[in-house]
Each structure stands twice: as C-alpha cells, then as structure tokens.
Amino acid sequence: MAVLTIVVFAGGQVTFREYRISRALRPDQFCAMQNDAVAQNNYGLNAHQVAENKNGIHALISSPRIYNLIQWAAGEQLYRNRMVRDYIKPFEGCKILDIGCGTGGYIHHIDHYCTNYEYYGFDGEAIYIDYANRHFAARPNLHFFHKILTEDNVKEFSDCDLVIATGVMHHLDDPIVVSLLRIAKQALKPGGRLITYDTGKFDKMSPLEKFFLNFDRGRSIRNEQEYAALVKQIFPNYSSHTPRLTYYNSRNIVFECFNN
Ligand SMILES: C[S@@+](CC[C@H](N)C(=O)[O-])C[C@H]1O[C@@H](n2cnc3c(N)ncnc32)[C@H](O)[C@@H]1O
C-alpha cells in the first residue's frame with residue numbers, strides 16, 4: 001500500500017489531496033482514496049477512512065448530473081420507491097436525518113407518503129449539497145449541510161424518528177462504519193430506526209451483480225454477515241434483507257436497525 005500526496009492549486013487556493021494506492025487492483029484502475037483536505041482538517045477523517053475509487057470513469061460520478069443519470073439508468077425510481085415503501089416508511093410529522101444524502105434522491109419518494117416532515121441531509125461532497133440546495137430551494141422543511149457528520153457534531157440531533165444512510169457503509173473502513181452507526185444511534189429517539197442500503201457480496205452472484213460489484217466506487221463492499229458483525233455492535237436489535245429492488249437481477253443489502 002502506498003500513499004501519494006498531490007498538491008492541487010484551484011481557485012487561488014492550495015490544497016493537499018492524498019491517495020492510497022492499492023496493489024490489489026489493475027494498474028489502470030488503481031484504487032485512489034481521495035482525502036478531501038476539508039474533511040481531514042475539519043472532521044478528523046483521513047485517507048484510510050473513506051474507501052472510494054474516484055479515478056477514471058468514477059471521477060465523472062462526482063458530477064451531480066452524471067451521478068443522477070447513472071442512478072436513473074440503474075433503476076433509481078423503482079429502488080428508491082421500494083426502499084421508502086418497504087423499509088424507510090416515513091410518516092406525517094416525522095423527523096428524518098439522511099447521512100450521506102447525496103443530491104437528496106429520496107425526497108420525491110418520501111413526498112408520496114407524507115407532506116409534513118422535517119428532513120436534514122448531510123454530505124461531505126459540496127457539489128451534491130449545492131445541487132440539492134438549488135433543486136429544493138422552495139422547500140423550507142428540507143435542510144442540507146455540506147458537512148461530514150461526526151460523533152461530536154451530531155449532538156444537536158437526538159430526536160429523529162428515522163435515520164437514513166444509503167450507499168454509505170460500503171465506502172467506509174470498519175471503525176468508521178461503527179462510528180457512523182454510533183452517530184445514527186445518537187440521533188435517533190427511542191423507538192426510532194436506522195435504514196441502510198449497500199452494495200453487497202453474495203456466495204453466488206449473477207453476472208450483473210458481479211458487474212455492479214466491480215463498477216462500484218466503494219472499496220469496502222462486504223457480505224451480509226460482515227455488515228451484520230458491525231451493525232450489531234451498536235444495534236443489537238436489527239433485521240437484514242437482501243431484496244431485488246429494481247427491474248433487473250441484482251440484490252442489495254438492507255439493514256433496519258431499531259433504537260430500543
Ligand atoms: C454513494 S453516496 C450515497 C448518496 C445517497 N445516500 C444516495 O442514496 O444516493 C455516499 C455519500 O456519503 C457521504 N458520507 C459518508 N459518510 C458521511 C458522514 N459521516 N457525513 C456526511 N456524509 C457522509 C459521502 O460524502 C458520499 O457523498
């Protein structure tokens with residue numbers, strides 16, 4: 001494992017970006033773990049904690065429009081609809097915290113189930129939050145923050161009915177997943193629920209599942225038991241599911257974690 005530090009000059013500012021290069025990947029596809037200098041300085045994250053491939057085609061996904069296009073092609077409308085209907089299950093008056101909210105892709109689907117709710121979305125990617133702020137500017141019940149939620153700064157939340165962390169755990173190393181779960185638990189009121197959704201590894205995988213596994217930016221993709229071993233450290237009361245949420249033959253791993 002090698003660490004490469006690159007000095008980036010952009011917008012009149014000098015920042016440092018660190019990349020961890022894994023020999024396990026093909027040379028043309030080396031695993032670059034981008035450490036955003038803002039995250040490192042302000043939120044205590046380092047290059048070893050966000051396991052993301054952001055090279056080549058993956059760099060394109062950082063564009064909100066490209067990200068949304070890929071999500072759409074991947075059957076986003078259907079899987080988000082089913083996630084909301086079967087697992088997130090929002091209700092009138094609920095308070096929702098979305099950790100790693102991206103561009104706010106669940107909001108239109110939550111709207112089908114309730115109109116009177118408060119939504120707080122956090123994401124470490126500024127362009128996703130900028131996009132969400134522009135897109136949902138007319139909605140005072142929706143609040144977006146360009147911030148990595150940590151065990152320190154989550155303290156203002158303790159009364160959420162629902163915490164969502166979809167597509168997050170498979171980007172994070174084990175200790176940071178456990179920290180993320182603690183953050184979710186801190187934010188939940190008694191009886192509240194955390195819902196996660198991630199790319200998974202399975203014993204027998206369809207060609208499409210193998211494709212998604214290889215294409216995914218996350219470099220900490222686990223099987224159901226591996227995710228569960230982390231989840232139960234913080235949420236002993238949980239259920240796990242491996243639904244096919246879209247129109248093609250591909251499973252994901254969903255956890256419903258109960259704060260009681
Ligand atoms: C693959 S995106 C998923 C976006 C969205 N949940 C969705 O379903 O489309 C994962 C995002 O999680 C964010 N993230 C990971 N840990 C976070 C944390 N502790 N606080 C805020 N954002 C976080 C990353 O910045 C990244 O943009």
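**Exercise 1.** In this predicted model, determine which residues of helix 7 meet which residues of helix 9, and classify them.

*Solution.* Step 1: on the side of helix 7, the residues are Asp-174, Val-177, Val-178, Leu-181, Arg-182 and Lys-185. Step 2: their partners in helix 9 are Leu-230, Val-231, Gln-233 and Ile-234. Step 3: by class, this contact comprises six nonpolar residues, one polar residue and three charged residues.

**Exercise 2.** Describe how helix 7 and helix 9 are oriented towards each other.

*Solution.* Step 1: helix 7 spans residues 174-187, and helix 9 spans residues 224-234. Step 2: their axes lie 9 Å apart and form an angle of about 40°. Step 3: helix 7 is therefore oblique to helix 9. Step 4: the crossing of the two helices is right-handed.

**Exercise 3.** State how many residues surround the ligand, and give their classes.

*Solution.* Step 1: the ligand is surrounded by 17 residues. Step 2: the closest are Gly-100, Gly-102, Gly-124, Leu-149 and Gly-167. Step 3: the shell consists of eight nonpolar, seven polar and two charged residues.

Methods:
Residues numbered from 1 in each chain as written. Predicted model: local features only at pLDDT ≥ 70, side-chain atom pairs only at ≥ 80, totals over all residues. Axes fitted to C-alpha atoms, helices over the stretch in contact; angles between N-to-C directions. Helix = DSSP H or I, 4+ residues; strand = E, 2+ residues; numbered from the N terminus. Parallel < 35°, antiparallel > 145°, perpendicular 65-115°, else oblique. Left-handed = near helix turned anticlockwise from the far one by under 90°. Contact = placed C-beta atoms within 7 Å. Nonpolar A, V, L, I, M, F, W, Y, C, P; charged D, E, K, R; others polar. Near = placed C-beta within 6 Å.
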